[in-house]
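Please open the model in your viewer and keep the selection panel at hand. The tour goes from one selection to the next and says what is found at each stop.

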Amino acid sequence: IESLLEVKLLSGRITDTAGFPIPEALVEIVKPDWNTRTDARFTDSNGYFSFQRLPDGIYYLKISKPHFD
């Protein structure tokens with residue numbers, strides 16, 4: 001999904017298709033080349049993450065967790 005947003009704070013929740021939280025998923029903010037990571041966080045036990053004071057620019061979210069598709 002691609003969306004252009006102007007934000008300085010980004011937060012959310014990662015869930016599976018049934019709506020259950022995914023704890024300890026890696027949430028990365030990457031530049032459009034997908035190779036340059038700007039920041040990263042792991043989700044908490046309820047699947048929540050938060051990034052504050054994002055620098056100006058265009059970024060994508062990359063979300064991953066081993067053994068989870």
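The stops below cover the sheet, the nonpolar core and the salt bridges of this predicted model.

Begin with the strands: select β3, β2 and β5, which in that order form an open, antiparallel sheet of three strands. The edges are β3 (37–42) and β5 (60–64), each of which pairs on one side only, and the twist from one strand to the next averages 20°.

Next, show the side chains of Ile14, Ile22, Ala25, Val27, Ile29, Phe49, Phe51 and Leu54, the eight residues that make up the largest nonpolar core. Both β2 (26–30) and β4 (48–52) supply at least two residues of this core.

Finally, turn to the charged side chains, where the structure holds two salt bridges. Select arginine 37 and glutamate 28, whose side chains meet at 3.3 Å, N to O; glutamate 28 is buried, because its relative accessible area of 10% falls under 20%. Then select arginine 41 and aspartate 39, where the closest N and O atoms of the salt bridge are 2.9 Å apart. Here arginine 41 is partly exposed at a relative accessible area of 32%, and aspartate 39 also counts as partly exposed, at 24%.

Terms used: Residues are numbered from 1 along each chain as its sequence is written. This is a predicted model: local features need pLDDT of at least 70, side-chain atom pairs count only at pLDDT 80 or more; totals for chains, interfaces and linings use all residues. Side-chain values use heavy atoms; hydrogens and water are left out. A salt bridge is a side-chain nitrogen of Lys or Arg within 4 Å of a carboxyl oxygen of Asp or Glu. Buried means under 20% relative accessible area, exposed over 50%, partly exposed in between (1.4 Å probe, protein chains only). A nonpolar core is a set of buried Ala, Val, Leu, Ile, Met, Phe, Trp, Tyr and Cys residues joined through side-chain atoms within 4.5 Å. Helices (H or I, at least four residues) and strands (E, at least two) are DSSP runs, numbered from the N terminus. Two strands pair if DSSP finds at least two bridges between them. Axes are lines fitted to C-alpha atoms, for helices over the stretch in contact, and angles run from 0 to 180 degrees between N-to-C directions.
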